[in-house]
Amino acid sequence: MRVTFADPSALIPGFQETHDDQILLYPYRPVEWQPVHTVYVPADRFDAGTTREWGDAALESFRRHLSEGDLAAILGTTPGVSPGAGEDLAGAVHGRVAAKLAREPVEDLRIDFEDGYGTRPEEEDGHVSAAAKAVVTMHAAGTLPRRWGLRVKSFSDGDPVRALRTLDGFLTGVTERAGHLPDGFVVTFPKVLMREYLHQFVDFLDTLEDGLGLGPNTLRFELQVEAPQTVTMLHAGLTTSLRGRLAAAHFGVFDYTASCGLPPHEQRLDHPACDHARHVMQTVFAGTGVELSDGSLAASPASDDGRDVRALWRRHAELVGRSLTHGFHQGWDMHPSHLVSRYAAVYAFHLSRYGEYARRVRAWEERRDAGEGVMDEPATVKTMAAALRRADLALGTDPTGPADHTERPV
């Protein structure tokens with residue numbers, strides 16, 4: 001039989017429709033900037049100066065308690081940092097952390113009206129209005145983080161009106177005062193125990209968007225994965241069924257481990273039960289463009305003594321490094337001290353292997369042996385190029401593409 005290969009659709013009926021579905025489900029997107037953290041602040045403790053206050057507190061603690069030698073000791077046991085990176089790396093990281101805390105201490109801000117805020121029906125409307133006013137003040141002053149938003153209450157509490165009233169009041173307050181919705185907004189939707197809640201929330205976002213005169217899909221949300229029930233409802237077609245409004249999936253370690261029945265002392269980010277949930281999230285959202293974020297460490301320094309502060313930084317850096325090695329490039333920070341260990345671990349992770357990855361990518365592009373017994377596969381080279389791009393974005397260097405990478409960040 002003679003076959004004509006010019007038209008795949010004629011040769012394989014239904015192919016084009018299947019391929020179109022693939023592109024819809026798994027659209028190619030180059031690596032883009034993603035915040036390394038989300039700073040979580042209860043609404044009643046938030047004002048226009050909060051992010052700068054966090055940065056000042058972190059910087060003061062950093063200067064008092066973290067020499068380059070102390071940092072080298074912390075990074076020496078941090079997962080994801082190449083062995084033997086030593087004091088040269090600590091010196092490079094130390095300066096970058098100080099500059100970051102002074103310039104941009106918070107990359108992503110979430111004003112919390114859920115667990116961190118509690119149930120306060122008589123006060124919530126007032127705090128919504130105050131939060132909206134503070135956001136507009138920050139925007140006018142140029143201090144609003146690149147990513148920002150709020151977390152509303154869960155539908156699973158049985159009172160969706162409270163969540164929707166807060167979101168409506170907040171966005172109305174911001175848009176009326178500012179004249180528009182500043183870039184970077186996202187809303188966090190917690191404790192999703194029923195799949196239908198997601199679609200009901202998306203329907204409300206449609207209505208709210210129209211009422212505020214916003215462009216299509218301006219209002220996007222983050223799904224919090226905080227219960228086994230949420231893990232079981234994740235599936236490949238979820239992003240398309242939510243009409244492009246799902247921006248990210250954030251893991252909630254404490255609610256999740258509690259829902260699994262773990263004892264209090266085992267409610268930790270590095271528990272195997274958490275690994276399972278994160279790996280399901282990775283599997284479901286791979287290739288969809290949905291960002292992933294890990295959870296938090298619910299601890300602050302036991303005292304202002306340097307040993308206690310550094311112990312907290314060591315534990316937090318360990319968890320941040322572990323998240324990075326698992327492919328989660330973002331996490332939640334709950335205390336100003338976390339900013340120090342967050343940026344230190346992230347910068348060390350990227351810097352410690354930057355030169356190696358750059359050399360191997362260049363060798364591949366030049367079709368020569370990378371040396372040192374390494375035989376890179378195309379998938380590995382693609383991953384290294386993406387890692388270099390992500391490093392440039394996280395470090396604030398000029399991202400110019402894989403072929404132009406050098407060891408300049410170090």
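This is a predicted model: local features need pLDDT of at least 70, side-chain atom pairs count only at pLDDT 80 or more; totals for chains, interfaces and linings use all residues.
Let's start with strand β1, residues 37–42. Helices (H or I, at least four residues) and strands (E, at least two) are DSSP runs, numbered from the N terminus. β1 is mostly covered, with six of its six residues buried. Here buried means under 20% relative accessible area, exposed means over 50%, and partly exposed is in between, using a 1.4 Å probe and protein chains only. H37, V39 and V41 point one way from the strand, while T38, Y40 and P42 point the other way.

What does β1 pair with? Two strands pair if DSSP finds at least two bridges between them. Strand β8 (residues 331–333) runs parallel to β1, and three bridges join them; in this pairing T38 stands opposite W332. Strand β2 (residues 108–112) also pairs with β1 in the parallel sense, over four bridges, and there Y40 stands opposite R110.

T38 and W332 turn up again around H250, as both are in contact with that histidine. Contact means heavy atoms within 4.5 Å. H250 lies in strand β6 (residues 246–251) and is buried, with a relative accessible area of 1%. Leaving aside neighbours within four places in sequence, its other contacts include L223, Q224, V225, M281 and S293. E222 is also on that list, and a polar contact of 3.3 Å joins the side chains of H250 and E222. A polar contact is a pair of N or O atoms within 3.5 Å; within protein, one must be able to donate a hydrogen and the other to accept it, and residues adjacent in sequence count only if both atoms are side-chain atoms.

Now for the greasy part. In soluble globular proteins, nonpolar side chains tend to be buried together. A nonpolar core is a set of buried Ala, Val, Leu, Ile, Met, Phe, Trp, Tyr and Cys residues joined through side-chain atoms within 4.5 Å. The largest one here has 107 residues, and those with the most contacts inside it are V93, I111, L167, F170, F185 and F221. Helix α14 (residues 336–365) supplies the largest share of this core, 13 residues.

Two of those residues, F170 and F221, lead us to the aromatic pairs. Rings of Phe, Tyr and Trp (its six-membered ring) pair if their centres lie within 6.5 Å; planes under 30 degrees apart count as stacked, over 60 as edge-to-face and the rest as tilted. The whole structure has 13 such pairs. In one of them, the rings of W148 and F170 have their centres 6.2 Å apart and their planes at 55°, so this pair is tilted. It links distant parts of the chain, with W148 in strand β3 (residues 147–151) and F170 in helix α7 (residues 160–178), 22 residues apart. W148 is buried at 1% relative accessibility, and F170 is buried at 0%.

F201 sits in helix α8 and F221 in strand β5, 20 residues apart. F201 is buried at 0% relative accessibility, and F221 is buried with a relative accessible area of 0% too. Not counting residues up to four places away in sequence, F221 touches V186, V187, L198 and R245, among others.

Two loops deserve a stop. Most residues other than glycine have a negative phi. K191, in the loop between β4 (185–189) and α8 (195–212), has a positive phi near 45° and counts as buried at 16% relative accessibility. N217, in the loop between α8 and β5 (221–225), has a positive phi near 60° and is partly exposed at 31%.

Last, the cysteines. A disulfide is a pair of cysteine sulfur atoms within 2.5 Å, and the whole structure has zero. For C260, the nearest cysteine sulfur is that of C274, 7.5 Å away, which is too far for a bond. C260 is partly exposed, with a relative accessible area of 34%, whereas C274 is buried at 0%.

Conventions
Residues are numbered from 1 along each chain as its sequence is written. Side-chain values use heavy atoms; hydrogens and water are left out.
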